[in-house]
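Please look through the sequence and the 3D structure below before reading on.

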Amino acid sequence: PLRVVLKAMDGRRTLGSAEVTLLAGQTEGAAEVKLGKFVTWYPIHPQLYAMETLIYREGEQQPIDRTGLRFGMREISTTTNKFILNGKPIYVRCMGDMALYLDTIAPPVDLNWYLPRLKLARDYGINMGKVCVETWSQDFVEAADEAGIMLIQEMPFGVGPVLRANRYTIDQEFRNYFAQELDGLIKQSRNHASVVSYSMSSELEFGAQTQESFNFFSRQLTSQAKQLAPHALAIDCTGYLDSVKTTKGDRITDFYASIIPTWSKEVLDETVVNNDGQHPAVLHEWNWWSCYPDPHDKPKYRDTQMLPTWFDTLVESARKNGQEELIPTYRKNSLWVQALSRKDGLEYARRCPHVEGFILWSWVDFHQYAEGVVDDFWQPKNVPAKEFLKSAGDTVIVLAKEGNRALRLGELERIPLAV
């Protein structure tokens, strides 16, 4: 027989322990570790503990094998209009990411590559992350645990027309494979405090779905996720509908990721975002505010795996139209407009009564799509953290409603504010 000892540790302090005996031929066992006093995991204090597993032969005092993993204690849930983390409402400030890795193409296999970048995001008030129709790598998740970034793990299906089309008319082979992959993803990541939600898909067109497709994504998969990870949230689709009830049946989802009726927001526009009031909503891919790329950045890519051809296209187009000398001016002014538009959009999201967060699109530039707060190299572009926190901090003061911003000199005006 083998004796398996589990120890929950805070440094050298034991929080709790348990053990189980495995008889000859037995490969699995169960034990419950009851913890003493502990601190919950939260973005501003991401407390982590270690679970040590030691295996002993019967009668021996030295382990023949040992392993360990880090974990945090947290509870996430939703009400009809709030996200609740450890019993307190939290406003979601999610960074949208396109998984751009200039030096390696594939995600780096180094926690320490991600950690300083995620800590930078936390400095800007970001408390959640979602990658575009892709899952976060194990090293990224480990770094998010440590940095205090909550994560949405979204099932990968690509952005091309073939795989996206496959989601609408699905067969048994598709369902079996997809469900099996979801099972593996959840079991591999559900013990991480940072992984607070699983998303089954993104930007499904409801009208194009068969009944079978709807049942699969909006009922079967979310039920499967909630069964495998009852301590995490589940959403059937980001960038989808804003109600539980549909003509194809009721959805099983914990929150909505909404696209505003106008798809994109104009500065100073106050488009109303409505839903059925059954779940809280975040704004999906909010909201592609862009600036001109800077051709002077081209040498930065010399030792990367990318060929920055978009700079050549920009310069050639400007030269053809007699505007090459204006590129620096366009770049400078577009950075200002991007920052101003983003500030307007984030503050609108904070005061919108039916919105409890946003998925900022995007946090990092993606080549010519210069929509990020930081550039391709994770360098801040136009807003320092202190300024960004005025719109994306835990507590912010914003205009209570949009109004006339052209005020006459010397006149008194009442400007309503909201906290």
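How many helices and how many strands are there in the chain? The chain has eight helices and 21 strands. The model shown is a predicted one. Its C-alpha atoms fill a box of roughly 85 × 55 × 50 Å along the principal axes. For a chain of 419 residues, a compact globule would have a radius of gyration near 22 Å; the chain has 24 Å, so the two values agree.

Next come the sheets. Strands of a sheet pair through backbone hydrogen bonds, and this pairing is either parallel or antiparallel.

With β2, β1 pairs in the antiparallel sense over nine bridges. Within this pairing, Arg-3 is opposite Thr-21 in β2. β1 and β2 also form a hairpin, with two residues between them. Gly-11 lies in the turn and has a positive phi of about 65°. Strand β1 (residues 2-10) also pairs with strand β5 (residues 49-57), again in the antiparallel sense, over eight bridges. Here Lys-7 has Glu-52 in β5 opposite to it.

Another open sheet has three strands in the order β7-β8-β9, and its pairing is antiparallel. β7 (76-78) and β9 (88-89) are at the edges, and each has a single partner strand, so one side of each is left without a neighbour in the sheet. Three antiparallel bridges join β7 to strand β8 (residues 83-85). Ile-76 has Leu-85 in β8 as its bridge partner.

Now to the helices. Two packed helices are described by the angle between their axes and by the distance between the axes. For helix α4 (residues 172-189) and helix α5 (residues 211-228), the axes come within 10 Å and cross at roughly 25°. Angles under 35 degrees count as roughly parallel, and α4 and α5 are therefore roughly parallel to each other. Their crossing is right-handed. Residues of α4 that make the contact include Phe-174, Phe-178, Leu-182 and Ile-186, and among those of α5 are Phe-216, Phe-217, Leu-221 and Leu-228. Sorted by class, the contact of α4 with α5 has 10 nonpolar, two polar and four charged residues.

The last topic is the backbone. Most residues other than glycine have a negative phi, and most peptide bonds are trans. Which residue has a positive phi of about 55° although it is not a glycine? That residue is Ala-99, and its place is in the loop between β10 (92-97) and α1 (111-123).

Two peptide bonds can be looked at in the same way. The bond from Trp-286 to Asn-287 is cis, with omega near 5°. Asn-287 belongs to strand β18 (residues 281-287). The bond from Trp-361 to Ser-362 is also cis, with omega near 0°. Ser-362 is in the loop between β19 (357-361) and α8 (385-392).

Note on methods
Residues numbered from 1 in each chain as written. Predicted model: local features only at pLDDT ≥ 70, side-chain atom pairs only at ≥ 80, totals over all residues. Heavy atoms only, no water. Pairing = 2+ DSSP bridges. Helix = DSSP H or I, 4+ residues; strand = E, 2+ residues; numbered from the N terminus. Axes fitted to C-alpha atoms, helices over the stretch in contact; angles between N-to-C directions. Parallel < 35°, antiparallel > 145°, perpendicular 65-115°, else oblique. Left-handed = near helix turned anticlockwise from the far one by under 90°. Contact = heavy atoms within 4.5 Å. Nonpolar A, V, L, I, M, F, W, Y, C, P; charged D, E, K, R; others polar. Rg over C-alpha atoms; globule rule 2.2 N^0.38 Å.
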